Each structure stands twice: as structure tokens, then as C-alpha cells.
Amino acid sequence: MRKKATVVVAATAALGLALSGCQQANKDSGGVDSDKANEEISGLPTTDYQEADYDEVDDGGSLTYPMTEIPASLNYYHADGAHVDNNNLYGTSLGGPIRIKDDGTWEVDKNYAESVEIASEDPLVIDVKLNKDAVWEDGTPIDVDDYKAFWKTQNGSNEEYEVASTKGYEDIEKIESGEDKYEVKVTFKTPNIDWPNYIGAFLPDEISEDVDAFNEDYTKKVLPSNGPFKAKKVDNKSGVITMVQNDKWWGQEPKLDKVIFKVVSQAQQAQAYANKEIDLVDIGTDGDSYETAGKRDDGEIYKSQGMEWTHVTMNAEKGALGEQEVRDAIGHAINREAIAQAAIGPVEAPVTLVNNVTFMPGQDGYQDNTNGELDFDPDAAKKILEDAGWTEGDGGVREKDGEKLKFSIVVPADTASNAQRAEQVMKDLNEVGFKIDLETVPVASYFADHVLNGNFDMATFTWQGTAFPISSGSNLFYPADSEQNHSKISSDEIGEKFKAATQTLDPDEAKKLANEGDAAVLKLKPLIPFYPTPYVWGVRDDVLNLGPRQLETPDWTAIGFKK
């Protein structure tokens with residue numbers, strides 16, 4: 001039996017916020033001016049694609065969308081399925097009462113609900129009146145039984161369910177029907193500032209009520225659809241998932257006939273796009289991919305603000321990485337500005353740093369919470385280590401009580417941006433007395449066999465933010481035994497601040513408390529954040545209504561090709 005997990009979506013390793021107290025650029029860091037960069041990145045649009053009315057989109061056609069891998073589990077709500085590739089896949093086939101607008105606010109999705117209202121604030125009760133036409137792909141109505149069962153699966157009350165997240169759901173006291181089975185009343189034990197994130201049902205009750213079905217049955221097959229597309233075939237051998245129109249879909253008819261998700265390694269995606277084998281590519285921050293994608297004669301490059309951010313996570317169960325002083329020294333030793341410049345500069349996008357691990361650039365609430373503790377200062381790093389008793393030994397490698405500051409960074413093969421970050425971290429840490437090596441592993445085993453299992457000293461990959469960051473802001477950092485707290489370290493202050501932030505319905509107070517919790521995370525340093533990754537996509541130039549977007553929920557019925 002696995003422990004319950006608290007998680008936000010883990011982005012594939014293949015990828016790659018502003019008050020007073022801005023970070024000063026170091027002379028040797030590549031010259032990032034944080035104030036200027038934050039202003040520039042905020043100037044990027046929140047969405048960037050060819051927008052067209054539904055009637056302007058041609059009927060029919062097949063769109064090929066790349067995946068870096070078929071995740072270890074295709075159950076998005078399973079601990080092994082909380083993956084960006086699953087997030088993209090289920091964008092075509094799963095929906096709920098809430099959709100996110102381009103400015104990050106939410107509205108009722110009329111396909112799934114007639115209304116969503118606060119019936120009471122004390123206790124917090126949400127009244128959801130479902131669209132009676134909404135059904136699962138087999139024609140079964142979506143009703144209160146699905147909501148009850150999904151909540152019980154997600155709330156952590158039965159630890160046999162290997163869930164991806166209990167956040168929010170564990171704060172719900174009960175779900176019951178109103179006048180009929182299409183009225184859902186959600187009562188929270190305590191107020192929750194991000195309650196709109198927890199009032200959906202994304203699995204039929206027969207899956208939610210069966211532990212084996214939830215944990216095992218959807219490892220290699222796609223979850224049942226309640227959206228415009230459904231799975232026709234999963235070819236695990238060739239790495240292709242074919243989505244076709246859902247004949248039970250009750251909403252606006254989708255323009256596309258098919259969406260084909262095709263596995264292409266990140267290293268090959270730009271070339272595959274240039275060769276017209278796929279219709280879009282998430283370029284990330286790879287300069288070579290940016291150049292390659294730009295050569296496609298029928299393609300366009302689009303850029304928007306992003307929700308992904310890079311970092312190096314330290315496994316505190318690995319020797320000296322459990323020491324606060326060692327992590328403090330690492331915070332000063334790593335040249336984050338150089339890493340950001342090397343990554344973002346080649347794709348001609350604004351360069352800045354992540355100084356807040358809860359709110360992202362462009363989100364209300366962002367401020368610099370680093371307190372200068374992540375400023376690049378190798379001399380300060382050396383002094384911290386010396387004061388903590390780590391003295392130079394053979395070959396300049398520091399040691400204490402017979403233990404050396406020797407660690408490895410696990411790197412997925414054929415992943416240029418990840419390797420580039422790891423190489424800079426290795427260089428910087430070795431210069432202050434560490435002995436860092438790179439351990440290259442196959443892409444397919446990077447998460448499954450290393451990151452998810454704690455089989456690493458250090459790892460650098462990408463986390464994806466959320467439109468509801470306060471209630472999920474501590475997911476990566478609290479509690480210490482959360483499956484997706486890969487550092488395996490936390491503090492009571494982190495848990496208390498984020499709990500208090502979540503339980504107030506006052507937005508300003510919630511942001512204040514969340515930032516106090518965020519500051520506690522950055523003081524603890526379970527990871528060192530690097531840069532936010534703007535979304536940079538290459539898209540076939542006749543594709544409409546599809547492109548990078550920071551928060552907006554895409555409308556897959558209106559995505560298609562020019563007439």
C-alpha cells in the first residue's frame with residue numbers, strides 16, 4: 001500500500017513573482033535585472049494563438065499532438081499519472097463545472113453545470129446544478145453519485161487508493177444531493193479559498209468505488225470521456241493514442257475528426273515538427289529547437305506567459321543534503337542568472353528568475369520571497385560550509401567526520417535543457433568544494449525509477465503551476481512524507497501558514513499568508529528554483545484556436561484548421 005500523495009502536476013523532465021527587495025544582477029551572472037525582466041515577462045500575452053470564431057474553422061481533419069512519453073499510468077488522478085502529457089491528453093476528453101478564462105479567473109462551464117453558487121459561507125456550502133444532458137462516453141448520466149464517489153477516492157480516507165492529490169478534497173465534510181441527483185451540495189469542514197478547484201467529478205462512480213479499477217485498470221488505457229473526444233486506441237508499442245469524436249457528446253460539435261497524441265522524444269520534437277510529422281511543438285527553452293522549429297515553411301512561433309518553472313531538488317535523505325547549512329550554501333553557490341540566461345535567451349523571450357514557488361509571474365500575489373538567500377555569492381557559500389565544519393580535503397572536496405560532499409545529479413538522456421541546467425549546477429557546486437557527478441538515465445525511467453522512488457541525490461526538472469495556487473501551494477513541500485515532496489523535508493510553519501491561507505475566504509489575507517508560507521519554504525531550501533519558462537510553441541500556420549496559454553482552458557470543440 002502506498003502513502004497518499006499531495007501533489008501538483010509534475011511536468012516532464014524534458015522541459016525545461018515582484019515586491020520591493022528585488023534581486024540585483026551579479027556582474028558575472030549574465031546581467032539579469034530582475035525588476036526589468038519581471039516587467040518584460042509580465043508584458044507577454046497570457047494567450048498567443050490564431051483566434052477564430054467557431055464558424056470560421058473548417059469541419060474535419062486530424063491534428064497530431066506530441067507527447068514526450070506515455071506516462072507510467074494513464075489515470076491522471078493516480079500518483080503515477082500526475083503528468084503534463086496526461087494533462088494535455090485529458091484536455092480533449094474531460095471537463096467539469098469550472099473553466100479558466102484567459103485572465104486566470106473562472107466561469108461556469110455550461111456544458112457541465114447550469115450554475116455554481118455559494119449557498120453558505122459558514123459552513124462553506126457550494127451548490128452545483130448539473131447540466132442534465134451531461135453523460136459519460138457510455139451514455140450514463142453524470143450525477144451526484146459520481147461526485148460522492150470521486151470525493152471519497154480523493155480525500156485520503158481510504159489509503160488503498162494511490163491518489164495523486166488529497167488537497168482540497170480532504171477539507172470537504174460531505175457531498176449530498178439537493179432537489180434531485182443533478183443538484184450537488186458540497187459542504188466543506190473549513191473554508192477553502194480555492195474551492196472552485198474541488199467541485200468536479202472526473203471519474204464515473206464505478207471506477208471511483210473500486211480500488212483495483214482506480215489503481216490498476218487505467219495504467220495502459222485512457223479514462224472514460226465526458227468531453228468532446230474519447231479514446232479509440234492506445235498503441236503502447238508505437239506510442240500513439242488516438243482520440244476521436246465522442247458520439248455521446250452533447251455540446252457544440254468538435255471541428256476536428258481526430259486528435260492523435262504521438263510519442264516523440266523532446267530531443268526530436270522540433271525536427272519532427274519541422275518535418276511536418278507533428279502539427280505543433282512546445283519548444284520550451286531549447287535554442288536549437290527554436291531555430292529548427294522556425295524553419296518550418298508553414299509554421300508560426302507563438303509566445304505567452306507560462307506556468308512552468310525549473311529547479312534543482314535536493315533529497316534530504318541523502319547524507320549532508322539533510323543539513324540546513326549545506327542547503328544554504330548551495331543557495332548561494334548556484335548561478336541562477338547564468339542558468340536562466342542560457343535557457344531563455346536563445347528563444348528570444350524575457351529572462352527572469354523564480355523567487356516565489358507558489359505564485360507565478362503574471363499571477364496576482366507574486367512577490368520575491370528569497371530574502372537575498374539565493375543571491376549568487378560563492379564566497380558566502382564557502383564561508384557557510386567552513387563555519388559548519390566542512391573543510392577542504394583531497395582534490396579540494398570538502399569533508400566532515402569522514403563524509404565528503406559528494407553527490408550526483410540524475411539526468412534524463414537526450415534532454416538538452418535538463419542536462420544544461422545540471423551541468424551548470426555541477427560546475428558551480430564543484431567550485432565551492434562539492435564533488436558533483438552527472439548520472440544519465442533513460443528518459444522512460446527518469447521519473448518512474450528515480451524521481452518518484454527517491455532514487456536520486458539531486459534532480460532538476462519542471463513543475464507546473466495552477467490557477468488555484470494557494471490551497472495547492474504546499475503540495476510539493478508539506479508534509480515531509482508526501483509522495484511528491486521529493487526532498488523529504490518540511491516544517492510545521494509551512495503547513496500552518498498554507499493551512500491558514502487556505503481557510504480564509506479573504507483573498508488579500510489568503511495571499512499574505514500564502515506568501516509567508518512560501519518564504520518559509522525558500523528559507524528551508526528543499527529545492528533551489530531557477531527560472532519561469534514562458535510558453536514558446538511552434539504551430540502549423542493553418543491551425544486555429546490552439547497555442548500557448550498561461551491559464552486559459554482550451555475549447556477543443558473550436559480547435560481546427562482554416563477553411
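**Salt bridges, one by one**

I started with R540 and D542, whose side chains meet in a salt bridge at 2.7 Å, N to O. For this term I used a side-chain nitrogen of Lys or Arg within 4 Å of a carboxyl oxygen of Asp or Glu. R540 has a relative accessible area of 22%, so I noted R540 as partly exposed. My classes were buried for under 20% relative accessible area, exposed for over 50%, and partly exposed in between (1.4 Å probe, protein chains only).

A reminder to myself: this is a predicted model, where local features need pLDDT of at least 70, side-chain atom pairs count only at pLDDT 80 or more, and totals for chains, interfaces and linings use all residues. Residues are numbered from 1 along each chain as its sequence is written, and side-chain values use heavy atoms, with hydrogens and water left out.

Next I asked how many salt bridges a search of the whole structure finds. The search gave me 28.

I then looked up K276, which forms a salt bridge with D297; their closest N and O atoms are 3.0 Å apart. This pair links distant parts of the chain, 21 residues apart: K276 is in the loop between α6 (266-274) and β12 (280-282), and D297 in the loop between α7 (287-294) and β13 (299-314). Helices here are DSSP runs of H or I with at least four residues, strands are runs of E with at least two, and both are numbered from the N terminus. Is D297 buried or exposed? D297 is exposed, at 63% relative accessible area, while K276 is partly exposed at 45%.

E516 and K497 came after that, a salt bridge with the closest N and O atoms 2.8 Å apart. I have E516 as partly exposed at 27%, and K497 as partly exposed at 25%.

I also found a network of salt bridges, which links D127, K129, E183 and K185.

Last, I checked an open sheet of 3 strands, in the order β14-β15-β16 with antiparallel pairing. Its edge strands, each pairing on one side only, are β14 (391-392) and β16 (403-404). Two strands count as paired if DSSP finds at least two bridges between them. β14 pairs with β15 (residues 398-400) over 2 bridges, in the antiparallel sense. Which residue in β15 is the bridge partner of T391? I wrote down E399.
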